[in-house]
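Have the chain open in your viewer and let us walk through it together.

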Amino acid sequence: MPMSPMMGMGGGQQFSPKDLADAKLPPAPEEDSQFDVLLRPGLLADVEIIVDKIANAVYIPTQAVFEKDGKLVAYVKKGSNFEERPFKPLKRSESTMVVESGLKPGETVALSDPTAKKDDKKKAAKSEKGGAMGALPGGK
């Protein structure tokens, strides 16, 4: 489901239509302020918006998430091999997935499918940028 400004990560409503209508931008910097040096037309900024903080969360990069038989799995290092481990997602962002259950803190996960044949890995790298899933289910 696409996110809207009125929905949070879990799909619950955060802002009412009145809240959105009453939202205002801060005033423009005054002529004699130092902001005119820092803010100019054409400049870019990197912004990180924290929607929700999850204490003691176990998370993995989305590149380490694969789908097998309709279930999400990660390949966890066990000895000199990797074992396929299904897990239950809690939340996700573009680059990270928070794990509700199935993985433990500190476990090492593979960023590509270790069971794929070399030809399959080359095809996946071309079509999906390293084998990561493009769309993952979000929320509970």
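What follows is a short tour in running paragraphs.

First, some ground rules. This is a predicted model, in which local features need a pLDDT of at least 70 and side-chain atom pairs count only at pLDDT 80 or more, while totals for chains, interfaces and linings use all residues. Residues are numbered from 1 along each chain as its sequence is written, and side-chain values use heavy atoms, with hydrogens and water left out.

How confident is the predictor? Its confidence in each residue is given as pLDDT, on a scale from 0 to 100. The protein has a mean pLDDT of 75, and 64% of its residues reach 70 or more. Over residues 1-11 the pLDDT stays under 50, and the model has 17 contacts there beyond four places in sequence, a contact being heavy atoms within 4.5 Å. Residues 127-140 also stay under 50, with 31 such contacts. Where pLDDT is low, the predicted coordinates should not be read in detail.

Now to the sheet. Helices (H or I, at least four residues) and strands (E, at least two) are DSSP runs, numbered from the N terminus. Three strands form an open sheet in the order β2-β3-β4, with antiparallel pairing; two strands pair if DSSP finds at least two bridges between them. Strands β2 (66-68) and β4 stand at the edges with a single partner strand each, so one side of each has no neighbour in the sheet. From one strand to the next, the twist averages 50°, where axes are lines fitted to C-alpha atoms, for helices over the stretch in contact, and angles run from 0 to 180 degrees between N-to-C directions. Strand β3 (residues 71-78) is joined to β4 by six bridges, and V76 has E83 in β4 as its bridge partner.

Is R85 buried or exposed? Its relative accessibility is 18%, so R85 counts as buried; buried means under 20% relative accessible area, exposed over 50%, and partly exposed in between (1.4 Å probe, protein chains only). Leaving aside residues up to four places away in sequence, R85 touches L72, V73, A74, V76, G102, L103 and E107. Its side chain also reaches the backbone oxygen of G102 at 3.2 Å.

With E107, the side chain of R85 makes a salt bridge at 3.1 Å, N to O. This pair links distant parts of the chain, 22 residues apart: R85 sits in strand β4 and E107 in the loop between β6 (96-101) and α3 (118-128). E107 is partly exposed at 26% relative accessibility. A salt bridge here is a side-chain nitrogen of Lys or Arg within 4 Å of a carboxyl oxygen of Asp or Glu, and by this rule there are seven.

Another of them joins K88 and E100, whose closest N and O atoms are 3.6 Å apart. K88 lies in strand β5 (residues 88-92) and E100 in strand β6, so the pair ties together parts 12 residues apart in sequence. K88, at 43% relative accessibility, is partly exposed, and E100, at 37%, is partly exposed too. Salt bridges that share partners also join K78, E83, R85 and E107 into one network.

Finally, look at helix α1 (residues 17-22). D22 forms a salt bridge with K18, with 2.6 Å between the closest N and O atoms. The two are four residues apart in this helix, which means about one helical turn separates them. D22 is partly exposed at 39%, whereas K18 is exposed at 56%.

Conventions: A polar contact is a pair of N or O atoms within 3.5 Å; within protein, one must be able to donate a hydrogen and the other to accept it, and residues adjacent in sequence count only if both atoms are side-chain atoms. pLDDT is the predictor's confidence in each residue, from 0 to 100.
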